[in-house]
Amino acid sequence: SIRCLSTTVKKKDGHKHDLALRHVVKQVTVNPGQRVDVSVSCDDQAKGIVATFDLPEGLVILGHEPQPKIRVFRLLNTTSSALEGTIDLICVGDRTGPPRR
């Protein structure tokens with residue numbers, strides 16, 4: 001099953017707060033035949049909650065390791081030319097944003 005996360009906390013004492021969300025995106029180039037470990041990280045006051053990737057054919061994901069602040073992706077280029085892909089991580093802050101009315 002799936003349940004969507006609201007980006008705003010419930011109203012209390014006449015105001016509410018937005019969650020401090022940040023989307024960290026990293027472009028990665030992997031040389032022919034190369035295997036690399038590449039990480040994407042959150043700020044000091046945030047935790048990684050969801051990671052995704054967009055890779056061209058021939059750039060293979062061998063796995064990714066979730067950690068509290070970072071996500072480590074293992075990539076392998078199975079082609080004879082350099083390939084570029086995108087890895088990303090959505091981070092949620094330990095503190096909420098400023099009050100909203």
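This is a predicted model: local features need pLDDT of at least 70, side-chain atom pairs count only at pLDDT 80 or more; totals for chains, interfaces and linings use all residues.
## Phe53 and how exposed it is

Here, buried means under 20% relative accessible area and exposed means over 50%, with partly exposed in between.

## An aromatic pair

There's one aromatic pair in the structure. It brings together Phe53 and Phe73, with ring centres 6.3 Å apart and planes at 75 degrees, so it counts as edge-to-face. Since Phe53 sits in strand E3 and Phe73 in strand E5, the pair ties together parts that are 20 residues apart in sequence.

And is Phe73 buried or exposed? Phe73 is buried, with a relative accessible area of 0%.

Strand E5 belongs to an open sheet of three strands, ordered E2-E5-E4 and paired antiparallel. Strands E2 (35-41) and E4 (59-66) are at the edges with a single partner strand each, so each has one side left without a neighbour in the sheet. On average, and ignoring direction, neighbouring strands here are turned by 25 degrees against each other.

Let's zoom in on one pairing. E4 and E5 (residues 70-77) run antiparallel and are joined by seven bridges. Phe73 turns up again here, as the bridge partner of His64.

Ile49 is partly exposed, at 38% relative accessible area. Together with Leu5, Leu21, Val50 and Ile90, Ile49 makes a nonpolar surface patch of about 400 Å².

Terms used
Residues are numbered from 1 along each chain as its sequence is written. Side-chain values use heavy atoms; hydrogens and water are left out. Patches are made of residues with over 30% relative accessible area and no salt bridge: like charges are joined within 9 Å, nonpolar side chains (Val, Leu, Ile, Met, Phe, Trp, Tyr) within 5 Å. Accessible areas come from the Shrake-Rupley method with a 1.4 Å probe; for residues, only the protein chains shown count as cover. A salt bridge is a side-chain nitrogen of Lys or Arg within 4 Å of a carboxyl oxygen of Asp or Glu. Buried means under 20% relative accessible area, exposed over 50%, partly exposed in between (1.4 Å probe, protein chains only). Two strands pair if DSSP finds at least two bridges between them. Helices (H or I, at least four residues) and strands (E, at least two) are DSSP runs, numbered from the N terminus. Axes are lines fitted to C-alpha atoms, for helices over the stretch in contact, and angles run from 0 to 180 degrees between N-to-C directions. Rings of Phe, Tyr and Trp (its six-membered ring) pair if their centres lie within 6.5 Å; planes under 30 degrees apart count as stacked, over 60 as edge-to-face and the rest as tilted.
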